[in-house]
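Please keep the sequence and the coordinates at hand while reading.

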Amino acid sequence: MDKNTDIGAINSKSQLETILKYIQIGKKEGSDIYQPVCRLPKKGFWCPPTLFTDVAQSNRIVQEEIFGPVLAILTFRTDDEVIEKANNTPFGLSAGVWTDKGSRIFNMTRRLRAGVIWANTFNKFDAASPFGGYKESGFGREGGLHGLLPYLNINA
Amino acid sequence: MANTQSTSRLSVLKTYKLYIGGQFPRTESGRYYVVKNSAGKSIANACLSSRKDLRDAVSAARAAFGGWSGRTAYNRGQILYRMAEVMESRRTEFTDELLHTGSTLREAKKEVDACIDTLIHYAGWCDKYQQLFSAVNPVASSHFNFSVPEPTGVVGIIASQTNALMGLIQTMAPALAGGNTCVIVANSENPLASITLAEALATSDLPGGVVNILTGKVAELLPWMSGHYDVNALVLDPLSDAMLKSTEQEATTNLKRVIRSKTADPLSPYRILDLQEIKTTWHPIENIAGSGAAY
């Protein structure tokens, strides 16, 4: 695969079926769908990048974790509104914020309830960086000091 | 003129009520149970809290969470210190409550002092545990990457059923120091000291709803607490194995953190970490060609 590839294959048939199920749910819930015209390989489990607009907070594609190349797009006008919308789900694995104002970055990253926050970047991982979620996204952290802490007692 | 003054005064008995959202309501159920002292003599009626009282308490705790967790750590420390000050001024009242439970005067005084000292201890930790449990992570790409602890949210606490006050303070103080709000089920047999504590808290600077205290039966309230979708974590005094198992099963509904602290030390800062989530933030660092040359 080309090393510049951002969206590869889905890792299993059952996960592809889960993603396709959510895309159907998104359509049924009345959102507008956009998928680029692109040729998918015949072999393997592929899903084109998919955008949904005209989405409501209560829609399942907003509330639940899809784990696929599907983006549900909501709009906002104020800091408070976007925080309320972003935090209004039972999950909190990761979040991202894009803004050119430094103080606003930390205003957002502080208030988002998620275990990993990407600011002006996205989807970065490192073994030295703790990974794991808030709320229903799971227990504990893997990687970094916080991945080690459950196995250690730090003494002065 | 008739003499309206009686020669012997009737003492005014205190009604022990619940503490929800900074107020002292009776249980909505109208139920009560008799609290006895260690000699088996009835000393008061306490509210027998219902599922609805628990839900009201969780709502109050959730409403208070944004404000409490949003305060500066320094200010939370000041408020915990103030709570200890208010307890100190009511030492005799707390001591009297503990005498009912069978403690000797010496033991009761010792427990009250230890409770106050525990609050002072955690007041000090409020703006320090973050340094201990945060990290700047050495990632292999050009990013500034750091992890900090943040409060888990609304914490349900089943206070120790073996001592009247200390078990409650030991679980409540680290939860509050870390910016959580809590719903506490008091010691069932000896709930009076817990309600007296609530009266002290109400006159400290602790905002209403940050601590909510219910009296009643653990076996009745625990299943509703462990299944409640707006409770983020549970702190349990050792329960029977069967009760612990059903609690952990119920808690999976929303992946509650069920805490049985790995440390026996009641003053350990790990007690604060038990009720924290770790948030990791990534931010790019501009990559200047030949960086390092500036040194």
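In chain B, S1(B) and S2(B) form a hairpin with 5 residues between them, and B:Gly40 in the turn has a positive phi of about 90 degrees. Strands here are DSSP runs of E of at least two residues, helices are runs of H or I of at least four residues, and both are numbered from the N terminus. S1 of chain B covers residues 32-36 and S2 of chain B residues 42-47; the two are antiparallel and share 5 bridges, where pairing requires that DSSP find at least two bridges between the strands.

The model is predicted: local features need pLDDT of at least 70, side-chain atom pairs count only at pLDDT 80 or more, and totals for chains, interfaces and linings use all residues. Residues are numbered from 1 along each chain as its sequence is written, chains are lettered from A and ligands numbered from 1 in the order in which they are written, and side-chain values use heavy atoms, with hydrogens and water left out.

Chain A contains 5 helices and 7 strands, and from the N terminus on its elements follow the order α-β-β-α-β-α-β-β-α-β-β-α. Along the principal axes, the C-alpha atoms of chain A fill a box of roughly 60 × 40 × 30 Å.

The size of an interface is often given as the accessible area lost when the parts come together. Between chain A and chain B, the buried area (accessible area lost, 1.4 Å probe, summed over both parts) is about 2700 Å², and carbon and sulfur atoms give 53% of this area.

There is 1 salt bridge between chain A and chain B, a term for a side-chain nitrogen of Lys or Arg within 4 Å of a carboxyl oxygen of Asp or Glu. It links the side chains of A:Arg141 and B:Glu277, with an N to O distance of 2.9 Å.

How values were computed
Buried area = accessible area lost by both parts, 1.4 Å probe.
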